[in-house]
Amino acid sequence: MARKTIKVDNLARVEGEGALTVVIRDNRVQSAELRIFEPPRFFEAFLRGRAYSEAPDITARICGICPVAYQMSSVHAMEDAFGIAVGGQLRALRRLLYCGEWIESHGLHVYMLHAPDFLGYEGALEMAKDHADVVKRGLALKKAGNGLMTVIGGREVHPINVRVGGFYKAPLKRDLVEAAEALKRARDIAVDTVRWVAGFDFPDCTRDYELVSLQHPDEYPFNEGHIVSNRGLDITAHEYDQHFGEQHVPHSNALQSRKRDDGGAYLVGPLARYGLNFERLSPLAKEAARSAGLRPVCMNPYQSIVVRAVELVYACDEAIRIIEAYERPEQPLVPVVPRAGIGYGATEAPRGMIYHCYHLDHDGTILNAKIIPPTSQNQATIEEDLTAFVNAWLDLPETALRHRCEQTVRNYDPCISCATHFLDLRLDRG
Amino acid sequence: MAVPLRKPKLAVWKFSSCDGCQLSLLDCEDELLAVAGAIDIAYFLEATRAEVAGPYDLSLVEGSITTAHDEERIKDVRRQSRALVTIGACATAGGIQALRNFADVAGFISAVYARPDYINTLATSTPISAHVKVDFELRGCPINKYQLVEVITAFLAKRKPTAPPHSVCIECKLRGSVCVLVAHGTPCLGPVTHAGCGAICPTYDRGCYGCYGPMETPNTVSLSKKLAELGVTERDLHRLYRTFNANTEPFRMEAERHGS
């Protein structure tokens, strides 16, 4: 058979600008490329010379959908360099803020970006014409997450209250208790959501992924823990760079991360977190997963929507737990004294692990910055998924096949704005 | 001849940005379905695969121009749009990525032209208004979603949007917040920053960091003098003005007064 190319020139319902090319020859997928053409924004270049204290607000602007992931990773990296530990209620508040981002981001993805693929709609607004109640339910869930972000962070996109050492102002208990009321309704919606999405029709596609996520001894991971995998990896963020490296591929404005030992791809995000941390979910979230027929490890990326829904239950549950135990701290931050050194931070963004590393001068001036977002880590896996799964659908009509390819990308909730921020500028003067 | 009634067509376009401003539209959880009922969302890639061809009654443009391809694309968007509104600091001022405008441009250019197959970018990040006529600019990094609803409503009603150009100070007074600059000696850009956010930072015991850009006729020189009296160093003054709206003339000039 002759060569056939499936092209999706502008991927919809993803964050940022990307395109897809799948080359088919002799009725086999020969290659698949996720092309990222979101223009590079050079964050790491202009972080050099800035103050350590500016990193949370500057790096937040890499992504409007997961700014808290950047704020949390940068403050943890700075505190690592300065030898500061943030504990007690301030630590709990950070976790609570992250819960808000997970609820907002997962709610957006499950209802507005991903579900329309399974139900045959172009998007959630089209879906609302037939299923207004479903979309309203999703919006209510998302709103509870945004409400939490707004109480703690001042606003939902690029919150203003996060700083190295803690916060500018600790929220009042009564304001959080008010947010908890919406979260209780959101938790009920999340439980219904697990049931709803578990009934979707999933293609029977599994692969033997290397799952990578944070793991904390006692908690489902947000801000802290070792970096572990289902193949025995167990390292701290300090060692990340020894185990994972980036490659610049010509078709993409983003660097692709791979394992250094064998050059293999790996998977970060809900499937990885869930598969490596099932036992640390709350009883309600575990029960929701079990009743949806989800095993403790899920290797079908199309079912990531179910796992995201389970994480929604957990994030609501955890947020309510933190608010119930909250006592407003006397000081909104611990003292910060800069010193020269290197700081590392890895946290769990909604779409997967994110890594920050900063070299700092004695007064806290940033000398060098390195940021690796989840989507650049998943990019190689997405391309491998396309190569592996699309073969089964080559007989589908062209439009249906193209849709399946897009859906395969959207399984990862890719954030293309994130993935391109960090392109290293390579000077080649010939 | 009778003209058939039709809903106005809205398009949302993205250039170099973080997606946060267009997300603000999806964050209007209480208004979104009403908006979608009143208008035809004809092009909005973040939300839907469906694409309805132009022309569009209202185009919302997020992001700045940083590639040669986008320089052309924005002209095409303008041609297809009856009204064009920029949303956010990237589209209105060049955004945080405009910090490249003050970097070693020669290094950037040689990099670009040495390997154009690898990296395709311009040496500058510029606002939409540097390329095409803009009918209204909505400020903020990110924009305020309630202001966005006001802008959409105003354009559909063919009236001018209400988005006052006064300073954040007025919003603090309206909100009843204590002045962090006067009462606590906290460095604050509120006196020179465009209103719209609702004075969030001072309400959280933090000085304004200018993410809505300069107000109309700001007195940055006077503010910098006050901040220096409070102990803000020249280097930090430079950094204060050189963030998300660094490319706007008042903030650019004030940053230059305090080092390079």
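**Figure 1. Helix α6 of chain A, residues 132-153.** Helix α6 of chain A has 22 residues and reaches 30 Å from its first C-alpha to its last, close to the 32 Å expected at 1.5 Å a residue. The model shown here, as in every view below, is predicted. Is α6(A) mostly covered or mostly open? The helix is mostly covered, with 16 of its 22 residues buried. A:Gly154 follows α6(A). The phi of A:Gly154 is positive, near 90 degrees.

**Figure 2. A:Leu148 and its contacts.** Which residues does A:Leu148 touch, once those up to four places away in sequence are set aside? The list is A:Leu96, A:Cys99, A:Gly100, A:Ile103, A:Ala179, A:Leu183 and A:Ala319. A:Leu148 also stands out in the largest nonpolar core, which holds 206 residues. Within this core, A:Leu148 and A:Val310 touch the most other members. Helix α11 of chain A (residues 304-325) gives the most to the core, with 14 residues. Chain B takes part too: the core draws at least three residues from each of its domain 1 (9-156) and domain 2 (168-256). In soluble globular proteins, nonpolar side chains tend to be buried together.

**Figure 3. A:Ile103 in helix α4 of chain A.** This helix covers residues 88-119. Why does A:Ile103 count as buried? A:Ile103 has 30 other C-beta atoms within 10 Å, and a residue is buried because 20 or more lie within that distance. Leaving aside neighbours within four places in sequence, A:Ile103 is in contact with A:Leu141, A:Ala144, A:Gly145, A:Leu148, A:Ala186, A:Leu312, A:Ala315 and A:Cys316. The C-alpha atoms of A:Ile103 and A:Ile24 are separated by 39 Å. Along the chain, these two residues are 79 residues apart.

**Figure 4. Strand β1 of chain B and its two partners.** Strand β1 of chain B spans residues 9-14 and is mostly covered, with 6 of its 6 residues buried. B:Lys9, B:Ala11 and B:Trp13 point one way. B:Leu10, B:Val12 and B:Lys14 point the other way. In a regular strand the side chains alternate between the two faces of the sheet. How many bridges link β1(B) to strand β2 (residues 40-44) of chain B? There are 4, and the pairing is parallel. B:Val12 has B:Phe44 as its bridge partner in β2(B). Strand β3 (residues 56-62) of chain B also runs parallel to β1(B), joined by 5 bridges. There, B:Ala11 has B:Ser59 as its bridge partner.

**Figure 5. The two domains of chain B.** Domain 1 takes in residues 9-156, and domain 2 takes in 168-256. Their centres, taken over C-alpha atoms, are separated by 26 Å. At the meeting place, 14 residues of domain 1 are in contact with 14 residues of domain 2. Which helix gives the most to the domain 1 side? Helix α4 of chain B (residues 89-93) does, with 3 residues. By class, that side has 6 nonpolar, 7 polar and 1 charged residues.

**Figure 6. Where chain B touches chain A.** Here 47 residues of chain B are in contact with 53 residues of chain A. On the chain B side, the elements that give two or more residues are α1 (20-26), α2 (32-38), α5 (105-114) and α9 (200-203). α1(B) gives the most, with 5 residues. By class, the chain B side has 25 nonpolar, 10 polar and 12 charged residues.

Technical notes
Residues are numbered from 1 along each chain as its sequence is written. Chains are lettered from A and ligands numbered from 1 in the order in which they are written. This is a predicted model: local features need pLDDT of at least 70, side-chain atom pairs count only at pLDDT 80 or more; totals for chains, interfaces and linings use all residues. A residue is buried if 20 or more other C-beta atoms lie within 10 Å of its own, exposed if 12 or fewer, and partly exposed in between; C-beta atoms are placed from the backbone. Two strands pair if DSSP finds at least two bridges between them. Domain bounds come from an automatic or database domain assignment. Two residues are in contact if their C-beta atoms, placed from the backbone, lie within 7 Å. Ala, Val, Leu, Ile, Met, Phe, Trp, Tyr, Cys and Pro count as nonpolar, Asp, Glu, Lys and Arg as charged, and the others, Gly among them, as polar. A nonpolar core is a set of buried Ala, Val, Leu, Ile, Met, Phe, Trp, Tyr and Cys residues joined through C-beta atoms within 7 Å. The expected span of a helix is 1.5 Å times one less than its number of residues.
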